Amino acid sequence: MSLRIGDLAPNFQAETTHGSIDFHAWLGDAWGVLFSHPKDFTPVCTTELGYMAKLKPEFDMRNVKVIGLSVDPVAKHSIWAKDIEDTQGTAPNYPMIGDTTLEISKLYDMLPAAAGDTAEGRTAADNQTVRNVYVIGPDKKVKLVIVYPMTTGRNFDEILRVIDSMQLTARHKVATPVNWKNGEDVIITTAVNDEEAERLFPNFTRVKPYLRITEQPR
């Protein structure tokens, strides 16, 4: 399968550093960020896991649950966490899935079925496609997919920015322009006609018939 925006995020049961979970039940009515790693004790991922731990209060404020995945066992994750704290100043404070059978990596189309059913003997290069970020809404549908190469650290500030946009646009009939940040002006969607726009956004500016700017709704 190939996961696309709008698809139902596949459910799964897994062992994590915080115990056993059923993914959909664990999400509950929250948003979720699932981000994956090709192997434990890899340098770029070490920096990512530490930075995500520092940002977790920002995700908590937005009702977003964070969960990581690596194909190595949970016991290794716990040892890796000490290295992450030593080098990045903060240990992971969110669950880390142990995907030792590669089941979840294949379920989310990060690895092909031919990858087998064990992480044993596989290198980070073998698992290099396990470098995705998924944002999942309270309806359990995929809202965002970003795929990163092994050599490029992920920008979790950007993930927060996108979540701010998605949560705003889920509540109001607006979209966000290029490089938008929380608090800046937004675009009225083309699904809103001028009469409705004048009622909903009385001080909007019409740049073009299809491009109408207004203050961010509160």
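User: In terms of relative accessibility, how does E58 count?

Analyst: Buried means under 20% relative accessible area, exposed over 50% and partly exposed in between, computed with a 1.4 Å probe on protein chains only. By that scale E58, at 31% relative accessibility, counts as partly exposed. This is a predicted model, in which local features need pLDDT of at least 70 and side-chain atom pairs count only at pLDDT 80 or more, while totals for chains, interfaces and linings use all residues. Residues are numbered from 1 along each chain as its sequence is written, and side-chain values use heavy atoms, with hydrogens and water left out.

User: Which side chain does E58 meet in a salt bridge?

Analyst: Side chains of opposite charge can pair when their charged atoms come close. The term salt bridge is applied to a side-chain nitrogen of Lys or Arg within 4 Å of a carboxyl oxygen of Asp or Glu. Here the partner of E58 is R62, at 2.9 Å from N to O. R62 is buried, with a relative accessible area of 17%, whereas E58 is partly exposed.

User: How many salt bridges does the structure hold, and how far apart along helix α5 are R161 and E158?

Analyst: The structure holds twelve salt bridges, and one of them joins the side chains of R161 and E158, at 2.7 Å from N to O. Helices are DSSP runs of H or I with at least four residues, strands are runs of E with at least two, and both are numbered from the N terminus. R161 and E158 lie three residues apart in helix α5 (residues 156-171), and are therefore separated by about one helical turn. R161 counts as partly exposed at 23% relative accessibility, and E158 is likewise partly exposed, with a relative accessible area of 26%.

User: Which parts does the pair of D194 and R206 tie together?

Analyst: The side chains of D194 and R206 meet in a salt bridge of 3.0 Å, N to O. D194 lies in helix α6 (residues 194-200) and R206 in strand β10 (residues 205-208), so the pair ties together parts that are twelve residues apart in sequence. D194, at 32% relative accessibility, counts as partly exposed, and R206, at 41%, does too. Elsewhere, salt bridges that share partners join E48, R131 and R154 into one network.

User: In what order do the four strands of the open sheet stand?

Analyst: Two strands pair if DSSP finds at least two bridges between them. The order in this open sheet is β8-β9-β11-β10, and the pairing is antiparallel. β8 (174-175) and β10 stand at the edges with a single partner strand each, so one side of each is left without a neighbour in the sheet. Strand β9 (residues 186-188) pairs with β11 over two bridges, and I187 has I213 as its bridge partner in β11. On the other pairing, three bridges join β10 to β11; T205 stands opposite I213, and R206 has R212 as its bridge partner. β10 and β11 form a hairpin with two residues between them.

User: Over how many bridges do strands β6 and β7 pair?

Analyst: Strand β6 (residues 132-136) and strand β7 (residues 142-147) pair in the antiparallel sense over five bridges, and V142 in β7 is the bridge partner of I136. Their hairpin has five residues between the strands, and K140 takes a positive phi near 70° there.

User: At what angle do helices α2 and α3 pack?

Analyst: Axes are lines fitted to C-alpha atoms, for helices over the stretch in contact, and angles run from 0 to 180 degrees between N-to-C directions. Angles under 35 degrees count as roughly parallel, over 145 as roughly antiparallel, 65 to 115 as roughly perpendicular and the rest as oblique. Helix α2 (residues 43-61) and helix α3 (residues 74-88) pack at about 75°, with axes 9 Å apart, and are therefore roughly perpendicular to each other. With contact taken as heavy atoms within 4.5 Å, the residues of α2 that meet α3 include C45, L49 and K54, and those on the α3 side include W80 and I84.
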